[in-house]
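Here is a short briefing to read alongside the model. Please keep the sequence and the 3D view open as you go.

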Amino acid sequence: MGGRASGADGHAGVGRTVAFKFDAKRWSQTDRIAGGATLVLLISLFLPWFKWSLGAYGSTSWSGLSTHGFLYLVLIICLVVLAYLVLRAGYEQLPFKLPLAHEPLLLIATLVNLVLVLIAFLDKPSVLLASAGWDFGAFVALVVAVVAAAPLGIPAIKARTNSAK
């Protein structure tokens with residue numbers, strides 16, 4: 001599990017491999033915020049998102065994943081983001097080439113998660129002609145999806161508005 005080391009000329013060294021060595025200091029503050037929020041988002045997908053009262057019989061609740069199948073895409077994106085951040089902490093230089101730079105890649109992933117979580121949050125299920133109510137998992141997911149995207153999205157928006165002036 002290693003990549004090729006680059007020599008002074010930028011070419012891969014023959015037969016030399018770079019070992020994986022986890023170092024959280026390689027993460028920026030933005031990486032830490034986005035990664036932590038993404039981890040909490042991953043967990044929140046399994047928490048109760050919607051509840052429906054059954055009167056004297058109690059109540060029932062559903063997780064985000066059991067209510068909205070498209071949230072499995074959020075689950076996959078969360079796992080990819082977390083694995084990517086672990087790889088960035090483990091290698092000084094990733095052993096493979098990515099199609100995008102680090103910040104745009106994280107921004108796209110966290111924004112897709114935010115949009116999908118927002119859609120799932122607003123699309124409350126109807127049960128026997130009555131709407132279900134939100135449960136705490138939906139609120140946690142929405143807040144951490146915003147937190148994950150904000151440190152990447154706010155600077156991108158500011159840069160875009162400054163370039164438009």
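Predicted model: local features only at pLDDT ≥ 70, side-chain atom pairs only at ≥ 80, totals over all residues.

Helices (H or I, at least four residues) and strands (E, at least two) are DSSP runs, numbered from the N terminus. Residues are numbered from 1 along each chain as its sequence is written, and side-chain values use heavy atoms, with hydrogens and water left out.

**The chain as a whole**

- The chain contains five helices and seven strands, and their order along the sequence is β-β-α-β-β-α-α-α-β-β-β-α.
- Of the 165 residues in the chain, 35% are buried; buried means under 20% relative accessible area, exposed means over 50%, and partly exposed lies in between (1.4 Å probe, protein chains only).
- Among contacts with a separation of 6 or more, 65% join residues 24 or more positions apart, where contact means heavy atoms within 4.5 Å.

**How the helices pack**

- Helix α3 (residues 71–90) packs against helix α4 (residues 102–122) at an angle of about 155°, and their axes are 10 Å apart. That angle makes α3 roughly antiparallel to α4, because angles over 145 degrees count as roughly antiparallel, under 35 as roughly parallel, 65 to 115 as roughly perpendicular and the rest as oblique.
- Axes here are lines fitted to C-alpha atoms, for helices over the stretch in contact, and angles run from 0 to 180 degrees between N-to-C directions.
- The crossing of α3 past α4 is left-handed, a term used if the near helix is turned anticlockwise from the far one by less than a right angle, with right-handed used if clockwise.
- On the α3 side, the contact residues include Leu73, Ile77, Val81 and Tyr84, and on the α4 side they include Leu105, Ala109, Val112 and Leu116.
- Helices α1 and α3 cross at roughly 145°, with axes that come within 9 Å, and α1 also passes α3 in a left-handed crossing.
- In that pairing, Asp31, Gly35, Thr38, Leu39, Leu41 and Leu42 of α1 meet α3 residues, among them Val74, Cys78, Leu82 and Arg88.

**Two threonines in α1**

- Thr38 sits in helix α1 (residues 29–44), and its 2% relative accessibility is why Thr38 counts as buried.
- The side chain of Thr38 reaches the backbone oxygen of Ala34 at 2.6 Å.
- Setting aside residues up to four places away in sequence, Thr38 touches Cys78, Val81, Leu82 and Ala148.
- Thr30 is also in helix α1, but Thr30 counts as partly exposed because its relative accessibility is 25%.
- Thr30 and Pro151 lie 121 residues apart along the chain, yet their C-alpha atoms are separated by 5.8 Å. Apart from its neighbours within four places in sequence, Thr30 is in contact with Pro151 and Leu152.

- Ala138 belongs to helix α5 (residues 136–164) and is buried, with a relative accessible area of 0%.
- Not counting residues up to four places away in sequence, Ala138 touches Pro48, Trp49 and Phe121. Ala138 and Leu118 are 20 residues apart in sequence, with a C-alpha to C-alpha separation of 9.2 Å.
- From C-alpha to C-alpha, Lys25 and Ala89 are 7.4 Å apart in space, and they are 64 residues apart in sequence.

Key: Polar contact = N/O pair within 3.5 Å; in protein donor to acceptor, adjacent residues only side chain to side chain.
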